[in-house]
Amino acid sequence: MERRDLNRMFDALAPTAEQEQAVLDRLLRTERKGRPMRKLKKLTVLGIAAALMVISCAAAVVTGLDQRLLDYFGANQEQEPLMAPTAVRVEKSHTYENGWTVDIRQAMSDRYSMAVLIDVTAPEGTKLNGEGAYLKVQPSRKDGGYGYGCYDLMDETLPEDQASYLFILNYDDSRSDLIGSVWELTPESIYMEENGTEHEVALSGWTCAVSLSEQDPGILYEVGQPVSLGGHEATLDQLYLSPISFAFRLRHILSQLWDGELGLVSEDWEGQIVLHMDSGETVEMERLPLMGGLTNPDPEDPDAAYGHYQFRPERIIDPAEITAVTICGQNYELK
């Protein structure tokens, strides 16, 4: 049995967080009723220890993030606990009539972004892991604004007929976020090159519901302070820090911003966002923002207008270690 098959077997057997808590509740119910732990029979104590060991062993195999997710975000094993609480097993698979199989494995998320690990297996004899293959996945949500796409993880350890992709979605809505949300993902097609010719293979008839974690790995700060961008004033409404993203929200946006005088194009942000750690280290953002722009969900209410800008730090961060943020030369202490 290969390692991947073994992990799948443990995934199927592993208790959920609710089941683990229920086991512990039942085991310790006598103590909670007021009976001191030292009065429990030795056999009972050993039973509790054994049960905890079983749960711990299962958790060691099946909990946490898939290594491919860690590699994509550049995280090491010590940083895994920063995002591991948001990892949810999906493990839903579908084989199409044309012989293609799509396996949606695992998802992780923060307030404004999510990543879903997807494996694809081609029919026997079809080479899939070459350059140029692209999986197209359509999310089914009508609320909010979002950008999305699939990235080939280029896993050279896979057989030629298999490939791994990461579906990334970045989200913006002034009324909601991704925490605990459900998204329906529909694999639509895969673009690939075969015998020197590019063609598209249709994948239709299957939609997978992905329920994201209720855990928020980040910290949301209510700021409410003025910020000057390109010489125009606005209100820095919120800041959000997670291990994999940084976002800020503007309010009270003046007409000059709407008219494009600020010129918030991607190049303008390079070096403009700096995170300050309590150790004295600083972390900048990747050059291109994940998403950003000005919007008004209710044109009849000017106060509903806001700006949302989201970035990815150059490396994984612990939000609790960030003490201040610099935005376009202006410093904001985080308390």
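In this predicted model, Leu275 stands opposite Val325 of strand S17. The two residues belong to a pairing of strand S13 (residues 273-277) with strand S17 (residues 322-327), which runs in the antiparallel sense over 5 bridges. In general, strands of a sheet pair through backbone hydrogen bonds, in either a parallel or an antiparallel arrangement. The sheet around this pair is open and has 4 strands, in the order S14-S13-S17-S18, with antiparallel pairing. Strand S14 (282-284) and strand S18 (330-333) are found at the edges; each has a single partner strand, so one side of each is left without a neighbour in the sheet. From one strand to the next, the twist averages 25°.

Attention now turns to the nonpolar cores. The largest of them holds 33 residues, of which Trp100, Ile104, Ile118, Val120, Leu128 and Phe167 touch the most other members. At least two residues of this core come from each of several strands, including S1 (88-95), S2 (101-109), S3 (113-121) and S7 (182-194). Strand S6 gives the largest share, with 5 residues. Another core, of 26 residues, lies apart from the largest one, and among its members are Leu229, Ala234, Met277 and Ile317. As a general background, nonpolar side chains tend to be buried together in soluble globular proteins.

Charged side chains complete the picture. The model contains 12 salt bridges. In one of these, the side chains of Arg68 and Asp119 meet at 2.9 Å, N to O. This pair links distant parts of the chain, since Arg68 sits in helix H5 (residues 67-73) and Asp119 in strand S3, 51 residues apart. Arg68 has a relative accessibility of 15% and therefore counts as buried, and Asp119, at 4%, counts as buried too.

Arg105 and Asp103 form a further salt bridge, with their closest N and O atoms 3.7 Å apart. Arg105 has a relative accessible area of 7%, so this residue is buried; Asp103 is likewise buried, at 10%. Through salt bridges that share partners, Asp66, Arg68, Glu91, Asp103, Arg105 and Asp119 are joined into one network.

Conventions: Residues are numbered from 1 along each chain as its sequence is written. This is a predicted model: local features need pLDDT of at least 70, side-chain atom pairs count only at pLDDT 80 or more; totals for chains, interfaces and linings use all residues. Side-chain values use heavy atoms; hydrogens and water are left out. A nonpolar core is a set of buried Ala, Val, Leu, Ile, Met, Phe, Trp, Tyr and Cys residues joined through side-chain atoms within 4.5 Å. Buried means under 20% relative accessible area, exposed over 50%, partly exposed in between (1.4 Å probe, protein chains only). Two strands pair if DSSP finds at least two bridges between them. Axes are lines fitted to C-alpha atoms, for helices over the stretch in contact, and angles run from 0 to 180 degrees between N-to-C directions. A salt bridge is a side-chain nitrogen of Lys or Arg within 4 Å of a carboxyl oxygen of Asp or Glu.
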